[in-house]
Amino acid sequence: MRNIAKKVIHDHPKSFISMVLLIILSITTSLLPPLALEQIVNHLTDQKEVSLLFALAYLGLIVLSDLFASAQNISITIFGKKLTHGMRSALVQKLNTITTGYLTNHESGAIASVFINNADIINSLYSEGVVGMIADLFQLIGLLFVVFTRSIGLGFIILIVMPLILVITRHFQKASLASQKQNRAAIAKVNHHIPETLRVLSMIHIFEKEDYMEDKYDQYIEESYRAQNKSKWLDSVYSPIILTIEAVVIGLLMIWAAQGQKMQTFFGINAGSTVALIAYVRQIFTPLESIGMEIQSIQDAMAGMSRIQDFLNEADSKPDICQGEEQDF
């Protein structure tokens with residue numbers, strides 16, 4: 001798997017470099033709008049005039065940040081497609097050299113699932129998983145640095161809350177992995193059941209086993225549904241928990257900053273910094289929430305990757321020793 005990724009990077013260096021540059025620019029520009037907003041609010045609080053150019057600059061920073069974020073997602077998607085193409089090319093090459101014993105001992109639907117479903121999920125591993133998580137981690141580091149420079153108290157609150165979020169994320173990660181593997185296995189059964197039914201259709205009619213085959217198909221669909229339902233339920237519960245913790249952090253910031261001059265100085269609170277810090281808190285919890293969701297995508301992809309790795313590790317057929325040799329008659 002690593003060799004395939006290295007080969008794709010070697011074959012498409014411009015796409016890889018542009019993706020890295022766009023990630024850096026996206027992270028950098030996302031830190032600027034709250035700082036500009038802080039200056040605008042401080043000017044208004046001090047009853048100073050805010051120039052139109054300053055307001056347009058703030059709007060321009062927001063637009064620039066969104067443009068780089070969109071460009072980052074586009075570059076990640078493009079590079080992910082190139083990785084998917086490289087993965088499928090490697091699978092096709094392996095299929096041409098694999099032993100006939102593997103083809104006869106494995107269901108046709110399971111082999112097709114390796115090429116279609118599991119190969120597609122590898123794209124999610126890179127585009128929505130690993131690359132997205134790395135970008136979010138660097139954005140989180142940059143946000144924490146800015147927060148500590150603006151409010152030491154808020155920085156410590158976030159550092160205290162982050163382990164709790166990591167524990168919650170780890171719990172959801174473990175709960176999701178089993179359901180993702182079960183879903184992969186159920187999808188492989190479904191992909192095999194239909195062509196297998198068509199292959200032995202005459203025998204099914206002779207022995208009147210239509211109801212049996214229908215029940216088996218319903219069973220596989222139900223297994224897949226239950227696995228997907230559990231995974232979606234975990235995803236739906238995770239986001240509200242993160243948003244609740246975000247609201248609690250903002251509430252604690254406001255309450256403790258109102259306890260006196262010392263606490264206000266420790267938390268670095270004034271009208272402009274309050275607006276900026278609330279914006280930074282929301283930006284901090286957004287990548288944390290995204291990291292949690294990306295972990296779920298990685299768990300799903302790991303289940304598919306293990307099946308692809310098993311396929312690539314299968315023994316190759318031995319070349320015919322008589323091939324290319326002249327035979328005497």
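The side chains of lysine 189 and glutamate 223 meet in a salt bridge, with 3.7 Å from N to O. This pair links distant parts of the chain, since lysine 189 sits in helix α7 (residues 152-199) and glutamate 223 in helix α9, 34 residues apart. Before we go on, please note that this is a predicted model, where local features need pLDDT of at least 70 and side-chain atom pairs count only at pLDDT 80 or more, while totals for chains, interfaces and linings use all residues. Residues are numbered from 1 along each chain as its sequence is written, and side-chain values use heavy atoms, with hydrogens and water left out.

**Salt bridges**

Side chains of opposite charge can pair when their charged atoms come close. Here a salt bridge means a side-chain nitrogen of Lys or Arg within 4 Å of a carboxyl oxygen of Asp or Glu. How many salt bridges does the structure hold? There are four, and the table shows some of them, including the one we began with.

| Pair | N to O distance |
|---|---|
| Lysine 189 and glutamate 223 | 3.7 Å |
| Arginine 226 and glutamate 222 | 3.1 Å |
| Aspartate 11 and lysine 7 | 3.0 Å |

Arginine 226 and glutamate 222 are both in helix α9, and because they are four residues apart, about one helical turn separates them. Aspartate 11 and lysine 7 are likewise four residues apart, about one turn, in helix α1 (residues 2-11). Helices in this report are DSSP runs of H or I with at least four residues, numbered from the N terminus.

How open are these side chains? Buried means under 20% relative accessible area, exposed over 50%, and partly exposed in between (1.4 Å probe, protein chains only). Arginine 226 is exposed at 57%, and lysine 7 is exposed at 52%. Aspartate 11 is partly exposed at 41%, as are lysine 189 at 34%, glutamate 222 at 34% and glutamate 223 at 21%.

Helix α9 covers residues 210-257 and includes leucine 234. Is leucine 234 buried or exposed? With 6% relative accessibility, leucine 234 is buried.

Most residues other than glycine have a negative phi. Glutamate 208, which is not a glycine, has a positive phi of about 55 degrees. Glutamate 208 lies in the loop between α8 (201-206) and α9, and is exposed at 66%.

**Helices α2 and α4**

Two packed helices are described by the angle and the distance between their axes. The axes of α2 (residues 13-30) and α4 come within 8 Å and cross at roughly 155 degrees. That makes the two helices roughly antiparallel, a label for angles over 145 degrees. The crossing of α2 past α4 is left-handed, meaning that the near helix is turned anticlockwise from the far one by less than a right angle.

Helix α4 spans residues 52-97 and contains valine 63, which is partly exposed at 41%.

Methods:
Axes fitted to C-alpha atoms, helices over the stretch in contact; angles between N-to-C directions. Parallel < 35°, antiparallel > 145°, perpendicular 65-115°, else oblique.
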